[in-house]
Amino acid sequence: MAAFVAAMVIEMGDRTPWLAAMLGDRFEKRGVVIVATLLALALGNGIAGVGGGIVAAHLTPNARALLLSLALLSAGLGAFGRLKAPERLAKWRIGAFATSFLGIAILAFGDRTQFATMAFAARSDAPVLAAIGATLGAGIVNAAGVLAGEQMRRQLPIRAIRIGTGVLLCAIGAISGLSALRLI
């Protein structure tokens, strides 16, 4: 559940839902774009979950908590940066599914959500559940982007959303880090 909520919060002001909205507008088959997006997110979060499971075996419980703190702080601080528009993929002529799958997979590979997923998986007894939760959380936000389209996305107060999520993630990350270091 924590990975689900964190992925939703992190993705709200990220570039992947923006690209998903662009692709939803470009292709008439919004259902295909959503399925391809979910599969791309599942692949990335699955890799992050496996990585978290591998890393967990080498870390103490406090180190795992500190890793999660660093992931949340990283995601929070990243929200304060400038959001660069994703490539529109207009020259990609490989169809709705392949364009959506590859475009989202490439854009999301190694992003803030995957780092958080890896950290949640490292902290969990069931890393696969962290990966599933993160995929569902990110998937909801990206599917909403596909259905709403880019015009609707432009009407959202993205800067305010990013600042709010940044403050929230930094606060939770700081509290988690201080707890991991046994300072509170």
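Helices here are DSSP runs of H or I with at least four residues, and strands are runs of E with at least two, numbered from the N terminus. With that in hand, glycine 110, which follows H5, has a positive phi, near 75°. The model is predicted, so local features need pLDDT of at least 70 and side-chain atom pairs count only at pLDDT 80 or more, while totals for chains, interfaces and linings use all residues. Residues are numbered from 1 along each chain as its sequence is written, and side-chain values use heavy atoms, with hydrogens and water left out.

Helix H5 itself covers residues 96-108. Its 13 residues reach 18 Å from the first C-alpha to the last, close to the 18 Å expected at 1.5 Å a residue, where the expected span is 1.5 Å times one less than the number of residues. Buried residues in H5 are Ala96, Thr99, Ser100, Gly103, Ile104, Ala105, Leu107 and Ala108; buried means under 20% relative accessible area, exposed over 50% and partly exposed in between, with a 1.4 Å probe and protein chains only. The cover over these residues includes helix H2 (15-26), helix H3 (30-56) and helix H6 (112-123), contact being defined as heavy atoms within 4.5 Å.

Helix H2 is mostly covered, with nine of its twelve residues buried. These are Thr16, Pro17, Trp18, Leu19, Ala20, Ala21, Met22, Leu23 and Gly24, and what covers them includes H1, H3, H5 and H7. From first C-alpha to last, H2 reaches 17 Å, close to the 16 Å expected at 1.5 Å a residue.

Helices H1 and H8 pack at an angle of about 140°, with their axes 8 Å apart. Therefore H1 is oblique to H8. Axes are lines fitted to C-alpha atoms, for helices over the stretch in contact, and angles run from 0 to 180 degrees between N-to-C directions; under 35 degrees counts as roughly parallel, over 145 as roughly antiparallel, 65 to 115 as roughly perpendicular and the rest as oblique. In this pairing, Val9, Ile10 and Met12 of H1 meet Ile158, Ile161, Thr165, Leu168 and Leu169 of H8. Isoleucine 158 is buried, at a relative accessible area of 13%. Not counting residues up to four places away in sequence, isoleucine 158 touches Met12, Leu83 and Arg153. Leucine 83 is 75 residues from isoleucine 158 in sequence, and their C-alpha atoms are 9.3 Å apart in space.

Leucine 83 is also among the contacts of aspartate 14, together with Asp111, Arg112, Thr113, Arg153 and Arg162, residues up to four places away in sequence not being counted. Aspartate 14 lies in the loop between H1 and H2 and counts as buried at 10% relative accessibility.

Finally, backbone angles deserve a look. Most residues other than glycine have a negative phi. Leucine 89, in the loop between H4 and H5, has a positive phi near 60° and is buried at 6% relative accessibility. Arginine 182, in the segment after H8, likewise has a positive phi near 60°, but arginine 182 counts as exposed at 65% relative accessibility.
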